[in-house]
Amino acid sequence: MSHTQVDPHKLAVIALGGNAIIAKGQKGLVQEQFENVRRTVDPVVELIAQGYNFIVTHGNGPQVGNLLLQNELAREEVPEIPLAMLDAMTCGSMGYMIEQCLQNAMIRRGIWKNVVTIPAQVIVDRFDPAMEAPTKPIGPFYTEEQAQKLIQEKGWLLKEDAGRGWRRFVASPYPIDIVEKEAIRQLLRQQYLLVTGGGGGIPVSYHEDGTIEGVDCVIDKDLASMKLAIAVHARTLIIITGVPKVTLNFGTPQERSLDRITLAQARHYYQEGQFPAGSMGPKMMAAIEFVQADPENRVIITNEGSLMEAVAGREGTHIVAY
Ligand SMILES: NC(=O)OP(=O)(O)O
């Protein structure tokens, strides 16, 4: 294989949760975020040393929610920034952090590889019904009492987020395509390590004349990562989350973790309502669509500490065609 070809079996898209970069209970200080990213990229760099290449994507839920809050607090002093632009800001700021941590980890490991961040525009349908029914939790967690006060005083939409506390919700339409996908493929052919699709990408939609414009929403990063993985013909999509394995009957005495499930089983459990919206739901939806796209595709859902073992097949939940 020449250096201008990409081995799809050694190419993986790895999606880091925004909630792993600002963990629950943390304020989101820049130092905290750098520390979390450093810890997360170490095993990624170990896998690079084994010959893998990656597209690293990341969530932005806590970060874009914090920016929105800053924006609203400063609205008397400086012009407000629309949500699509705030998404773009997180692509840059979080891309900077992840890119630098990857570079430093590779230098320490004696690996030389180009790393670059691309703030990718992701096409959505601005008439997607999801624009009218917000499902994406962003920003800090509140108690129910704080949330009710904010709903009354500020008119924000706050809802309970998968048993973890109350959060603000914004629209999250389905990602259709990636504007910069050809540039991304070109850089992969040249063996670049890419940070792109961050925050689910910057949401944009087409006008009838073919021009594009930002849409104020936050795309789910697991669905955008899946679209990216399909676009670059990666065979592996890795979704890093807070738990080592996906479980059935979560939080009940019947709870059990899943090691390896087929596409048919994943669909069955999804339809049974085993995976709540706002947590495991979009991850499993992304997994189903990715494996459906090609029977050679596989998805690994795990946490950062189990990544090495999961890639070796000894940890995590694996979703495969058969
Ligand atoms: N955009 C997005 O899905 O972010 P989180 O993963 O942080 O929720």
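Ile-219 places a backbone N or O atom 3.0 Å from a nitrogen atom of the ligand. This is a polar contact, here a pair of N or O atoms within 3.5 Å; within protein, one must be able to donate a hydrogen and the other to accept it, and residues adjacent in sequence count only if both atoms are side-chain atoms. The side chain of Asn-60 also takes part: one of its N or O atoms is 3.0 Å from a ligand nitrogen. At Lys-221, a polar backbone atom lies 2.8 Å from a ligand oxygen. The protein covers 94% of the 260 Å² of accessible area that the ligand has on its own (Shrake-Rupley method, 1.4 Å probe; for residues, only the protein chains shown count as cover).

This is a predicted model: local features need pLDDT of at least 70, side-chain atom pairs count only at pLDDT 80 or more, and totals for chains, interfaces and linings use all residues. Residues are numbered from 1 along each chain as its sequence is written, and side-chain values use heavy atoms, with hydrogens and water left out.

The shell around the ligand (residues with a heavy atom within 4 Å of it) includes Gly-18, Asn-19, Lys-136 and Asp-220. By class, the shell holds three nonpolar, six polar and three charged residues. Asp, Glu, Lys and Arg count as charged; Ala, Val, Leu, Ile, Met, Phe, Trp, Tyr, Cys and Pro as nonpolar; the others, Gly among them, as polar.

The largest pocket holds about 1,200 Å³ of space. Volume is the space filled by probe spheres set on the points, which are joined across faces, edges and corners. Of its 50 lining residues, those closest to the centre include Arg-164 and Lys-283. Helix α9 (280-293) gives the largest share of the lining, five residues. Helices (H or I, at least four residues) and strands (E, at least two) are DSSP runs, numbered from the N terminus.

The search also finds one cavity of 30 Å³ or more. The largest cavity holds about 40 Å³. β5 (136-142) gives the most to its lining, with four residues.

Methods:
1 Å grid on protein atoms, 1.4 Å probe; cavity = no way out; pocket = protein on both sides within 12 Å on 5 of 7 lines; lining within 4 Å.
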